[in-house]
Amino acid sequence: METGPYYFVKNLPLHELITHEFINTFVKKGSCCALTYNTNIDEDNTAALLPNGKLILSLDKDTYEETGLQGHPSRYSGRKIMKFVVSIDLMDLSCNLDSKKYKRISWSFKEKKPLKFDFLLAWHHTGAEESAMMSYFSSYRIQEHQPKIAVSTMTDLQCPVLQSSELGGKPEVACGAWELLDWLGAVFSDVELNNEPNNFISTYCCPQPSTVVAKAYLCTITGFILPEKICLLLEQLCRYFDEPKLAPWVTLSVQGFADSPVSWREKEHGFRKGGEHLYNFVIFNNQDYWLQMAVGANDDCPP
C-alpha cells in the first residue's frame, strides 16, 4: 500500500505556515501535518502543525518573550520556568485576516522574531495532486520522501497466549495486556527471549503461558505518516481475518516522534528520560480488539 509521500523542507520560515495561501491550499483542504526536524523538545524551540489546524509552539524563555505572543508556561519546566507553549488556531485566524490578532502574529513571525526550522510536512487530500506541496514550496530546498518499509520473517517465535476477554490476564490461562506490550518491545528490538544464564545483555523471557509460532511476520514502516494512512492500514489488518486463519491475533504499533511538542489531544509532551508516546492495537480473530496507549513521565495520561 502507499504510505507516503512526505516532504523535508530546509530553513522554512514559520510565517509561511500562517499565510492565507497556505491555510486555504492545505490546512482547509484535507489533513496537513508539519513537525520541526532535528530539534530537541527539552532545550530547543520546536513547532508542530496538527491536522485540525492548530499550530503548537514550544519556545524557550528568551524566544517566547521576544515574540510577544500569548502562551503559558510548560508544565514540565520545574521551579525555574524555561519553556513556554503557544497554541495558534489557523482555522480561526484565517476567518479574519484583517484582525489585530493576525497582524500581531504575522508581524512577530516576519519581523520581530523571524523563526526558521527544518520541517517535515505531509498532506492528504482525496483527488489532489501529490506534487502540490513540492510546487508550493519550490522556492525553498524541498525533498520528497517515501516511508521506508522493512519486512522480516521470524521462525519458531515464542509468543504469549492471549484471550480477548482476559485483558488483565489469567494465571496459567492467558497473559495480560501489559505483558504483551513488554514482549512486543523485545521483539521490535530483536532481543533474545530465552533468558539463558550466559546472556549478560538481557535476562528477559517470554511471559507465560506461551506458545511457539512456526512463522511470524514483522513489517516496520518508518517515516512521517499521516493518521489517514494509519487508519487505512488498520482497516486492512482487520480484514486479514475475513477468511479463517491459524493466527489468533495481529498487532499494529504506532510510535510517536520523541521530540514532538504534543502527544495526546494537543497535550504537552516532554522527553527528559524517554520521550515515549505510543499506542498499540491488538486485533483478535473474533474481531475483538485491545487498544493500549502509553506515555512517558512528562505527559498527561492518554484520554
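Which ring does the charged end of K245 sit over? That of Y240, with the charge 4.6 Å from the ring's centre. For a charge to sit over a ring, NZ of Lys or CZ of Arg must be within 6 Å of the ring centre and within 35 degrees of the ring normal. Keep in mind that this is a predicted model, where local features need pLDDT of at least 70, side-chain atom pairs count only at pLDDT 80 or more, and totals for chains, interfaces and linings use all residues. Residues are numbered from 1 along each chain as its sequence is written, and side-chain values use heavy atoms, with hydrogens and water left out.

**Aromatic pairs**
- The structure holds 17 aromatic pairs, meaning rings of Phe, Tyr and Trp (its six-membered ring) with centres within 6.5 Å; planes under 30 degrees apart are stacked, over 60 edge-to-face, and the rest tilted.
- Y64 and F84 are stacked, because their ring centres lie 4.2 Å apart with planes at 0 degrees.
- That pair links distant parts of the chain, 20 residues apart: Y64 is in helix 2 (residues 61–67) and F84 in strand 6 (residues 83–89). Helices (H or I, at least four residues) and strands (E, at least two) are DSSP runs, numbered from the N terminus.
- Y64 is buried at 13% relative accessibility, and F84 is buried at 11%. Buried means under 20% relative accessible area, exposed over 50%, and partly exposed in between (1.4 Å probe, protein chains only).

**Around Y240**
- Y240 and F241 have ring centres 5.1 Å apart and planes at 75 degrees, so they're edge-to-face.
- Y240 is partly exposed at 34%, while F241 is buried at 9%.

**A cluster**
- One aromatic cluster is formed by F22, F26, W123, Y136, F137 and Y140.
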